[in-house]
Amino acid sequence: MFTFLLWCLLFVVCWPVALLALVIYPIVWLMLLPFRVVGIAVHGVLELVWAVVMLPARLLAAPFRV
């Protein structure tokens with residue numbers, strides 16, 4: 001909502017820049033999409049490595065859990 005209000009303010013102050021921002025935003029979003037996918041993949045791999053490293057500790061602690 002805050003972003004929309006900022007865009008409305010920009011539209012009132014300088015409408016050509018606001019319309020340009022509407023056109024450029026999807027293009028920039030598409031260009032940054034591969035980096036988001038890589039970030040999600042790296043996060044998943046790091047979580048998997050952390051789970052494998054912590055597995056022995058979880059197995060040793062399991063009998064004492066109630």
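Trainee: Where is the place of Phe-11?
Mentor: Phe-11 sits in helix α1, which covers residues 2-13, where helices are DSSP runs of H or I with at least four residues, strands are runs of E with at least two, and both are numbered from the N terminus. Before going on, note that this is a predicted model, in which local features need pLDDT of at least 70, side-chain atom pairs count only at pLDDT 80 or more, and totals for chains, interfaces and linings use all residues. Residues are numbered from 1 along each chain as its sequence is written, and side-chain values use heavy atoms, with hydrogens and water left out.

Trainee: Is Phe-11 buried, exposed or partly exposed, and why?
Mentor: Phe-11 counts as partly exposed because its relative accessibility is 36%, given that buried means under 20% relative accessible area, exposed over 50%, and partly exposed in between, with a 1.4 Å probe and protein chains only.

Trainee: How many aromatic pairs does a search of the whole structure find?
Mentor: The search finds two, where rings of Phe, Tyr and Trp (its six-membered ring) pair if their centres lie within 6.5 Å, and planes under 30 degrees apart count as stacked, over 60 as edge-to-face and the rest as tilted. Phe-4 and Trp-7 are a stacked pair, because their ring centres are 6.5 Å apart and their planes are at 20°. These two residues are three apart in helix α1, so about one helical turn separates Phe-4 from Trp-7. Trp-7 also pairs with Phe-11, again stacked, at 5.3 Å centre to centre and with 25° between the planes.

Trainee: Which residues form the aromatic cluster, then?
Mentor: Phe-4, Trp-7 and Phe-11 form one cluster. Phe-4 is partly exposed, with a relative accessible area of 49%, and Trp-7 is partly exposed too, at 23%.

Trainee: Switching topic, which residues make the nonpolar surface patch?
Mentor: Phe-11 is one of them, and the others include Trp-15, Leu-19, Ile-27, Met-31 and Phe-35, in a patch of about 1,200 Å². Patch residues have over 30% relative accessible area and no salt bridge, with like charges joined within 9 Å and nonpolar side chains (Val, Leu, Ile, Met, Phe, Trp, Tyr) within 5 Å; a salt bridge here is a side-chain nitrogen of Lys or Arg within 4 Å of a carboxyl oxygen of Asp or Glu.

Trainee: And which helix gives the largest share of the nonpolar patch?
Mentor: That is helix α2, residues 15-61, which supplies eleven residues.

Trainee: How many helices and strands are in the whole chain?
Mentor: The protein chain has two helices and zero strands. Its radius of gyration is 23 Å, well over the 11 Å that the globule rule gives for 66 residues, so the chain is more spread out than a compact globule; that radius is taken over C-alpha atoms, and the rule is 2.2 Å times the number of residues to the power 0.38. Along the principal axes, the C-alpha atoms fill a box of roughly 65 × 25 × 10 Å, and buried residues make up 2% of the 66.

Trainee: How many disulfides does the search find?
Mentor: It finds zero, a disulfide being a pair of cysteine sulfur atoms within 2.5 Å. For Cys-8, the nearest cysteine sulfur is that of Cys-14, 15 Å away.

Methods. Accessible areas come from the Shrake-Rupley method with a 1.4 Å probe; for residues, only the protein chains shown count as cover.
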